[in-house]
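Welcome! Let us take a short walk through this structure together, one region at a time.

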Amino acid sequence: MGSAVTGAWHHRAMTVWAVLALGFAAAFVAAMVAAARGRSTKFVGSLAGLIALACGWVWWSDARMEARLSQAASAVAGVQVHVDCQELFFGEWMPTRGAGRVDARDDGSMDDVAHLDRKICTAAASWPEDDTDDAYTAVHVLTHEAGHVRGEANEAATECWAVQNSARVAEALGASRPRSERRAQWYLRAVFPRMSSTYRGDGCTISGS
Ligand SMILES: [Zn+2]
């Protein structure tokens, strides 16, 4: 959850899956054009078409997941938060530092891209269907990174903001208010005290509790 100046992953509009989907789609078209001209490339073309569809589906479902998480985080943060989930398979080869991070720009301001570990993305996206500790913790991490995008670099201040606002993100993702608030209380009581001192400010509480 730390911020870093440089990163192994940065925001890519074009993912490896997108490049593969487009490449195989082009191969599909080329093979089908050749087949129409009498060459025996129909089978290879069909195979390329199927692979293009499979890669395209991975790309599309990831883009949808990122869009959903970005929307919920942005609504609560009050600024545009771009969630970048670590890419399936190809991204997972890259080393990650912790559950998520937001880079600081050269001028010291915070970037608007929240990079999240793939496990955090999928767990946060499984909320509220999955009402598990892991799913809510992932929603909290998403909120924490959104807190950095708002411009806060300090970890304790960001973590406390996340403690106070994760229920709103949980609600924006589709959970009821009582359930979201109950989960936020759970995080404050069960997870927060176990965080390293870097993340624990003095007297962080949720108002009204
Ligand atoms: Zn952080």
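Two strands count as paired if DSSP finds at least two bridges between them. With that in hand, and remembering that this is a predicted model, look at strand β2 (residues 100–101), which pairs with β3 in the antiparallel sense over two bridges. Here Arg101 stands opposite His115 in β3. Strand β3 also has strand β1 (residues 82–85) as a partner: β1 and β3 run parallel and are joined by four bridges. In that pairing, Val83 has Ala114 of β3 as its bridge partner.

Next, turn to the helices. Helix α4 (residues 133–149) packs against helix α6 (residues 177–191) at an angle of about 90 degrees, and their axes are 10 Å apart. Because angles of 65 to 115 degrees count as roughly perpendicular, α4 is described as roughly perpendicular to α6. Where do they meet? Tyr136, Thr137 and His140 in α4 meet Arg183, Tyr187 and Val191 in α6. The residues of this contact comprise three nonpolar, two polar and one charged.

Finally, find Phe192 in the segment after α6. Phe192 has 17 C-beta neighbours inside 10 Å, so it counts as partly exposed. Leaving aside neighbours within four places in sequence, Phe192 is in contact with Val163, Tyr187 and Arg200. The C-alpha atoms of Phe192 and Thr137 are separated by 10 Å, although these residues are 55 residues apart along the chain.

Note on methods: Residues are numbered from 1 along each chain as its sequence is written. This is a predicted model: local features need pLDDT of at least 70, side-chain atom pairs count only at pLDDT 80 or more; totals for chains, interfaces and linings use all residues. Axes are lines fitted to C-alpha atoms, for helices over the stretch in contact, and angles run from 0 to 180 degrees between N-to-C directions. Angles under 35 degrees count as roughly parallel, over 145 as roughly antiparallel, 65 to 115 as roughly perpendicular and the rest as oblique. Two residues are in contact if their C-beta atoms, placed from the backbone, lie within 7 Å. Ala, Val, Leu, Ile, Met, Phe, Trp, Tyr, Cys and Pro count as nonpolar, Asp, Glu, Lys and Arg as charged, and the others, Gly among them, as polar. A residue is buried if 20 or more other C-beta atoms lie within 10 Å of its own, exposed if 12 or fewer, and partly exposed in between; C-beta atoms are placed from the backbone.
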